Amino acid sequence: MLYLVGTPIGNMGDVSERAREVFGFADLVACEDTRRTGLLLSNLGIKANLFSYHEHNKAAKGPVLISKLKEGQNIVLVSDAGMPCISDPGSDLVKLCIEEDIPVTTVPGPVAAITALVLSGLDTRYYHFEGFIPVPAKERKERLEALRSYNETIIIYEAPHRLLKTIDDLCASGFSKSKAAFCRELTKKYEQVVRLEMSEAKEYFTDTPPKGEFVICLEPTSEKTSSEDQDIDIEAMARKFLDEGCSTKETAAKLAKLTGRSKKELYSYTLNLLK
Ligand code: SAM
């Protein structure tokens, strides 16, 4: 059986009784960082066989874990912090287990996203969990564009050294007037929630350099189109490229370059114009 076990996001007091029990009888504990999980378990006075399973070895190590599970081993999967499968490769292992009819259960624990959401003071009925916004420029642009279309509270994970860049990008993507809650060091001694408008955050975090891991909870924006889009008449441009003899694909690519929007979306937009 595979056990998805939640571990603390900072406060050792959040290890549950059931988590201790499951660690106690597990044949193997699969984790992202064996040193970090080793420390957690030694603090709990538990000796366990650790197995490295992370983003960069999951393709090779997933099948190894599956064959051990098929032999009848009890395997615990943990994240570096919080719940496995949330912004880590755990869900790939769960998918493999489901394909192979291997039972999966969980011992739930804290999740940084939900801990931040309940402290944010923003709408908790409807929310979108984004996790980390990708770093590569193209994917980043696409995700920022997608975030603009959401109508619910948005939850973002961010490391301290990237926080100012992300604040800049969110402001440029229409969120400058959105209320935001910057939640750091959750459940730890210096837990802090800074609530301000996104446009004020740049100055705040320039004066107070960000420390610790962050969760940003963000009000949706009412600006659903980018300033670039407002300046560009997409339909007129698409018709111009088509009239010049460009194919649908070429037109979509040119529009994507001009507007920063996704090629896929503009391809179907152009196809619709031709109907
Ligand atoms: N699996 C985890 C969960 O259940 O939330 C998330 C793992 S993800 C790799 C790590 C990110 O979670 C950090 O970069 C930060 O954004 C957020 N995080 C984790 N612990 C936190 C804490 N104590 N305070 C604020 N954010 C935290």
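These legends describe close-up views of a predicted model.

View 1. The ligand is surrounded by 19 residues, and the closest are Ile9, Met83, Tyr157, Glu213 and Phe214. Glu213 places a polar side-chain atom 2.6 Å from an oxygen atom of the ligand. Phe214 takes part through its backbone, with an N or O atom 2.6 Å from an oxygen atom of the ligand. A polar backbone atom of Glu158 is 3.4 Å from an oxygen atom of the ligand. On its own the ligand has 570 Å² of accessible area, and the protein covers 91% of that area.

**View 2. The salt bridge between Glu100 and Lys70.** The closest N and O atoms of Glu100 and Lys70 are 2.7 Å apart. Lys70 belongs to helix α3 (residues 58–70), while Glu100 sits in the loop between α4 (90–99) and β5 (104–107), so this pair ties together parts that are 30 residues apart in sequence. Lys70 is exposed, because its relative accessibility is 53% and the limit for that class is over 50%. Glu100 has a relative accessibility of 36% and counts as partly exposed. Side chains of opposite charge can pair when their charged atoms come close.

**View 3. The salt bridge between Arg125 and Asp123.** In this pair the closest N and O atoms are 3.4 Å apart. Arg125 is exposed, with a relative accessibility of 62%. Asp123, at 33% relative accessibility, is partly exposed.

View 4. The side chains of Lys240 and Glu244 meet at a distance of 3.1 Å, N to O. Lys240 has a relative accessible area of 40% and is therefore classed as partly exposed. A search of the whole structure finds 14 salt bridges.

**View 5. A nonpolar patch on the surface.** The patch is formed by Ile114, Val118 and Tyr127, which together have about 280 Å² of accessible area. Ile114 is located in helix α5, which spans residues 112–120. The relative accessible area of Ile114 is 35%, so this residue is partly exposed.

Methods:
Residues are numbered from 1 along each chain as its sequence is written. This is a predicted model: local features need pLDDT of at least 70, side-chain atom pairs count only at pLDDT 80 or more; totals for chains, interfaces and linings use all residues. Side-chain values use heavy atoms; hydrogens and water are left out. Patches are made of residues with over 30% relative accessible area and no salt bridge: like charges are joined within 9 Å, nonpolar side chains (Val, Leu, Ile, Met, Phe, Trp, Tyr) within 5 Å. Accessible areas come from the Shrake-Rupley method with a 1.4 Å probe; for residues, only the protein chains shown count as cover. A salt bridge is a side-chain nitrogen of Lys or Arg within 4 Å of a carboxyl oxygen of Asp or Glu. Helices (H or I, at least four residues) and strands (E, at least two) are DSSP runs, numbered from the N terminus. Buried means under 20% relative accessible area, exposed over 50%, partly exposed in between (1.4 Å probe, protein chains only). A residue is near a molecule or strand if one of its heavy atoms lies within 4 Å of it. A polar contact is a pair of N or O atoms within 3.5 Å; within protein, one must be able to donate a hydrogen and the other to accept it, and residues adjacent in sequence count only if both atoms are side-chain atoms.
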